Amino acid sequence: MSARKKLLLGLQSPQERPCPFLSVRTENTDLPLQRGEKFAAAVKQSWVHGLFGEGSVESVGVSAPSGATEDGLSGPTKPLPRTADAVVIGGGSLGCQTLYHLCKMGMTNVVLLERDRLTAGTTWHTAGLLWQLRPSDMEVELLAHTRHVVSSELEAETGLETGWIQNGGLFIASNKQRLDEYKRLMSLGKVYGIESYALSPAETKELYPLMNVKDLYGTLYVPKDGTMDPAGTCTTLSRAAIARGAMVIENCPVTGIQVQTDHMGVRRVKAVETDFGTIETPCVVNCAGVWATKLGKMAGVNVPLIAMHHAYVVTERIEGIQNTPNVRDHDASVYLRLQGDALSMGGYEQNPIFCDEVSDKFAFSLFDLNWDVFIQHIEGAINRVPALEQTGIKSTVCGPESFTADHKPLMGEAPEVRGFFLGCGFNSAGMMLGGGCGKELAHWIIHGRPEKDMYSYDIRRFHHSLTNNNRWIRERCHESYAKNYSVVFPFDEPLAGRNMRKDPFHQLLQEQGCVFQERHGWERPGWFHKEGPAPVLDYDYYGAYDIPTHSDYKYNQLLGKEYTFDFPPHHDTIRDECMTCRKAVAVFNMSYFGKFYLTGPDAKKAADWLFTADVNKAPGSTVYTCMLNEKGGSESDLTVSRLEPGLAHLPLTPESNGDAYYIAVGGGVAQHNWSYIQTVLQDKGFNCTLTDHSEDMGMISIQGPKSRDLLQEVLDADLSNEAFPFSTHKIVTAAGHKVRAMRLSFVGELGWELHIPKDSCLPVYRAVIDAGAKHGVRNAGYRAIDSLSIEKGYRHWHVDLRPDDTPLEAGLAFTCKMKTSIPFLGRKALESQMAEGLRRRIVCFTIEEKVPMFGLEAIFRNGVPVGHLRNAEFGFTINKTIGYGYIRNPDGGVVSPDFIRSGEFTLERVGVVYKAKAHLKSPFDPENKRVKGIYSTD
C-alpha cells in the first residue's frame with residue numbers, strides 16, 4: 001500500500017503537506033504557506049478569547065497535559081457534586097444545547113463535564129452555517145428550533161447576543177436535476193412558512209454581483225438563512241443553564257463509566273468517574289464528538305462513527321463581498337461562508353483523510369491542511385466566484401469531525417445500557433442541528449421518548465451486528481461523506497457496506513436478475529432486471545486512495561439510471577411485476593423481516609400491554625396491530641400470531657407451557673422494534689422472554705388471484721376460505737418440509753406467507769416456482785410492493801406511520817381494542833384524542849397527470865398549505881399517481897370528513913401545481929374483496 005493511500009485511510013500519521021503554489025498573505029509580504037501557522041494560532045487565540053474573556057486562556061495547542069492547562073490551572077473549575085440526575089459529557093454544541101434544554105424542561109440537577117474548555121474539541125472551529133431547508137420535514141423542524149434559539153430565545157432570556165447573522169443562503173444549480181431538487185425543498189418550505197425564491201441566473205447575478213452565473217441553471221435563495229457563532233452560542237447556552245441551576249465543570253476529563261446489572265439482568269448506568277471524584281447518576285449523555293466512541297467503550301456501548309479531517313480556508317478581504325448570502329454549490333462540492341469582508345470556503349471530497357484516533361489532549365488544535373486533498377474545492381470556488389483567483393488565503397482550518405454511516409447523527413438511549421444516551425456523530429452539522437436535537441434529546445431523557453419522529457437519528461436504526469463492524473462503518477462513513485452534496489434521489493442505494501446480511505435465496509435470486517436494495521444490513525429484492533445478474537461488488541471507494549474502480553459495474557449502472565425525478569427507465573418492469581401480482585401470482589422474498597418469539601409467565605400481560613389490538617384470540621390466529629408510546633404515537637406496525645403451547649421445534653415453534661406469540665415486523669426496523677419491546681418489558685417488570693430468530697428463517701409471500709391454485713399443489717393443507725381463513729396460520733408441509741403458513745397480504749390480494757427454516761428455503765422456493773409455471777408466476781421485489789401496497793392504502797412504518805402519528809390519525813383505529821376494557825400502552829392518549837377530535841388526519845390523493853411523486857410535495861386546500869405528502873408512488877392498476885399525507889385545519893380546528901370533502905386540493909411538485917382528488921378510502925378495492933379471495937369475473 002502506498003504511503004499516500006496509508007495516509008488518507010488514516011493508517012499513517014499526517015505530515016505537513018504545503019501547497020506548491022498558494023501563499024498566505026499579510027499586509028506587507030507574502031509568506032510561504034507553511035509559515036502561516038502563526039496566523040492560524042492567532043485565529044485560534046482570538047476565538048478562545050471571544051469565548052472565555054480577557055486573560056482566561058493564554059495559549060492553545062496540544063501540548064497541555066490532560067487535567068491541566070498551560071496558564072497554570074489544574075483540576076476542575078468547580079468541585080464535583082456527589083450525585084446528579086444526569087451528566088452530560090462534552091462541552092460542544094450538542095452538550096451545551098442538551099444541558100440548556102434539560103434545564104428548561106425542569107431537570108436542573110444536571111452537570112456538564114468538559115475535559116478541557118467549552119467548544120475545545122471540534123465546535124470551536126465549525127463554520128456555523130444554518131440552512132433552513134432539508135429533504136426531511138423533521139429536519140426542517142429541528143433547524144427551525146435551532147434558529148429560534150440562537151436568533152431570539154437566548155438573547156431574550158439572558159440579554160446576551162449569540163453572534164447570529166442573518167445574511168441568507170443561496171443554493172446553486174448547474175443542471176435541471178439539481179434545480180428540481182431545490183424546488184422540492186421550496187415546496188416543503190411553503191408548508192412551514194419558510195421564505196424562499198427560485199432565481200434565474202440574471203436574478204442571481206443581481207443578488208451576488210461577484211458570482212459567475214454563465215454555467216448556472218438557476219438558484220434557490222432563502223433570505224432568512226444565516227451564520228452562527230459557536231463561541232457566542234455555547235457561552236450563552238451555558239450561562240442560561242447555570243442560571244437555572246445546572247453545573248458546568250471544565251478541565252475535568254471522564255475516566256470511566258460505572259454500569260451495574262439489576263435484578264432482571266438489565267445493565268444500567270450507575271456513575272461517572274473522573275480523577276477528581278465520582279458522580280453517581282442514572283443517566284449519562286455522550287456528547288463527546290470524535291471521542292464518543294472511546295467514551296462508549298467505557299460503558300460497553302458501540303458508537304459507530306469515524307473521525308475524518310474536515311477543512312476550510314479563510315480568504316483575505318474581497319472588495320464587494322460584504323452582505324452577500326452564504327453559498328452552497330453542491331455540484332462543485334463547495335460552500336462559501338461570508339466572514340465579514342472575506343469568505344470561508346470548504347466542501348466534501350471523495351478522498352477524505354481518516355483519523356482513527358484523536359488524542360485526548362487535542363484541544364483548540366488543528367491539523368496541517370493537506371492541499372492535495374483540498375485543492376479541488378479551491379478550483380470549484382474560483383469558478384463560482386472568479387475574484388477568488390486574485391485573492392490570498394489568510395488562514396487554514398483543518399480539524400477532526402465525526403461522521404456516521406448514513407450522514408445522520410447518533411441519538412437516543414443505547415440498546416446495550418439503560419441510561420446511556422447518545423448525542424454525537426453530527427457530520428459537521430452540530431451547530432445547525434444542535435438546538436432542535438438538544439431539545440429532543442432532553443425530552444427523550446426526561447420522558448423516555450422525543451417529541452418528534454427521531455427514528456432517522458435513533459441509534460436503534462442500526463442492527464447490533466453492524467455497530468461494531470469496522471468494515472461496514474468505515475465504508476459507509478466514507479460514502480456518506482463523499483456523497484454529502486450529491487442530489488438526493490428517491491431510489492438511491494449505497495454501494496458501501498453491502499452484502500453484510502444475506503438470506504438463503506440471495507444467490508438464486510441474483511442469478512435471476514434481482515437488483516437488491518440494502519436495509520438494516522440485509523440485501524432485499526428491489527426489482528428484477530430482465531437482462532441478467534447485476535451483483536453488488538465490494539466497495540471501491542469511488543477510486544479514491546489509489547483503489548481501482550470497478551469497470552462495467554452493472555449494478556452501479558442500473559443505479560445511475562435511477563438518478564431522476566421522472567419515471568425511471570425500468571418503470572415498465574416494475575409495472576409488469578405489479579400487474580402479474582394483480583392478475584396471476586407473484587412471489588416476494590421478504591426474508592429480511594424480523595422474527596421474534598414472546599414467551600414466559602407474563603407473556604399474555606405483556607402482549608395485552610404492548611399491542612393495540614386484541615392478540616389474545618384462539619391459537620392459530622394472526623393479528624395486524626400497532627405498538628404505541630405513551631403519547632399514542634405509533635412505534636411500530638406488525639403482525640402477532642398466537643401459538644399453541646408445547647415443546648420446542650425451533651425455529652418454527654418455541655417451547656412454551658402457556659402463552660406464546662410469534663412477532664413478524666419489517667426488517668428495516670427490526671432493531672428498533674426489538675429494543676422498544678425490551679424496554680417496555682423492563683420498565684413494566686414483566687417476567688417473559690423475547691428471542692430473535694430472524695436469521696434462522698426465510699420468508700416468501702405468494703400473492704395474487706392464482707396463489708391458492710399454486711399453493712394447493714405445494715402444501716398439504718386445505719386452503720379454502722372455510723379451512724384456512726384470512727388472518728390465520730398453521731404449521732404445514734411444503735415439498736416435504738415443515739413451514740409456518742400465514743394467510744396475510746401486504747399488497748391487497750389473496751395470498752399466503754411461508755415462514756421457512758433456512759435449510760428448507762431453497763427446496764420450498766423451487767417447488768413454488770415449479771408449481772406456478774402454468775399460472776404465470778414471476779418474482780417481484782419491494783419496488784412492486786411499494787406500489788401495490790400504497791394502491792391498497794396499507795401503511796409503511798416510518799413513512800406514513802411514525803412515532804408522531806397516532807393510529808386514529810393514520811386511519812388505523814380498527815387496530816385498537818378501544819371497545820374492550822383492556823389497558824394498553826398509549827390508550828389514555830387515544831381516549832383523549834377521540835374526545836377532542838382529530839386535529840390532523842391522513843388523506844389519500846390521486847392526480848390525473850402521469851407524473852411521478854415521491855413524498856414531500858406540498859398539499860394545498862383552497863390555496864392554503866395544509867400539509868405535505870409523506871408517501872407517493874404510481875399505482876399501475878388504477879393508472880394514477882397516489883400520495884398519502886397528513887393535513888391540518890389552518891384554523892386549528894378538527895379535520896373532519898366534511899372538511900376533506902368540502903375542500904379543493906392541489907399538490908405542488910417541483911414548483912408545478914396539480915389538481916388532486918382527495919379520498920377517504922383507498923381507491924383500489926375499498927370493500928376488501930380481493931384479500932378474501934373474491935374476484936369479479938369481468
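Where is the place of His520? Look in the loop between β23 (514–519) and β24 (522–528). Before going further, a word on ground rules: this is a predicted model, where local features need pLDDT of at least 70, side-chain atom pairs count only at pLDDT 80 or more, and totals for chains, interfaces and linings use all residues. Residues are numbered from 1 along each chain as its sequence is written, and side-chain values use heavy atoms, with hydrogens and water left out. As for the element names, helices (H or I, at least four residues) and strands (E, at least two) are DSSP runs, numbered from the N terminus.

His520 isn't a glycine, yet its phi is positive, near 65 degrees. Most residues other than glycine have a negative phi, and most peptide bonds are trans. His520 also counts as buried, at 8% relative accessibility; buried means under 20% relative accessible area, exposed over 50%, and partly exposed in between, using a 1.4 Å probe and protein chains only.

Asp925 is another non-glycine with a positive phi, about 45 degrees. You'll find Asp925 in the segment after β41 (912–919), and with a relative accessible area of 14% it is buried. Pro651 sits in the loop between β28 (634–642) and β29 (660–665).

Tyr455 is buried, with 10% relative accessible area. What does Tyr455 touch, leaving out residues up to four places away in sequence? The list is Arg461, Gly668, Val669, His672, Trp797 and His798, where contact means heavy atoms within 4.5 Å. Arg802 is 347 residues away along the chain, but the C-alpha atoms of Tyr455 and Arg802 are separated by 8.5 Å.

Now for the helices. Two packed helices are described by the angle between their axes and the distance between the axes. Axes here are lines fitted to C-alpha atoms, for helices over the stretch in contact, and angles run from 0 to 180 degrees between N-to-C directions.

Take α3 (residues 93–104) and α7 (residues 230–243): their axes come within 9 Å and cross at roughly 30 degrees. That makes α3 roughly parallel to α7 (angles under 35 degrees count as roughly parallel, over 145 as roughly antiparallel, 65 to 115 as roughly perpendicular and the rest as oblique). On the α3 side, the contact includes Cys96, Leu99 and Tyr100, and on the α7 side Thr233, Leu237 and Ala240 are among the residues.

Compare α14 (residues 571–583) with α19 (residues 782–792), which pack at an angle of about 55 degrees with axes 9 Å apart. α14 and α19 are therefore oblique to each other. Among the residues that meet here are Ile574 and Glu577 of α14, and Arg783 and Leu788 of α19.

Last stop is α20 (residues 827–836), where the buried residues are Arg827, Ala829, Leu830 and Gln833. They cover an arc of only 160 degrees around the axis, so they lie on the same side of α20; the arc is that of the directions from the helix axis to the C-beta atoms. Lys828, Ala835 and Glu836 are exposed on the other side of α20. The cover over the buried residues of α20 includes β27 (622–628). After α20 comes Gly837, with a positive phi near 95 degrees.
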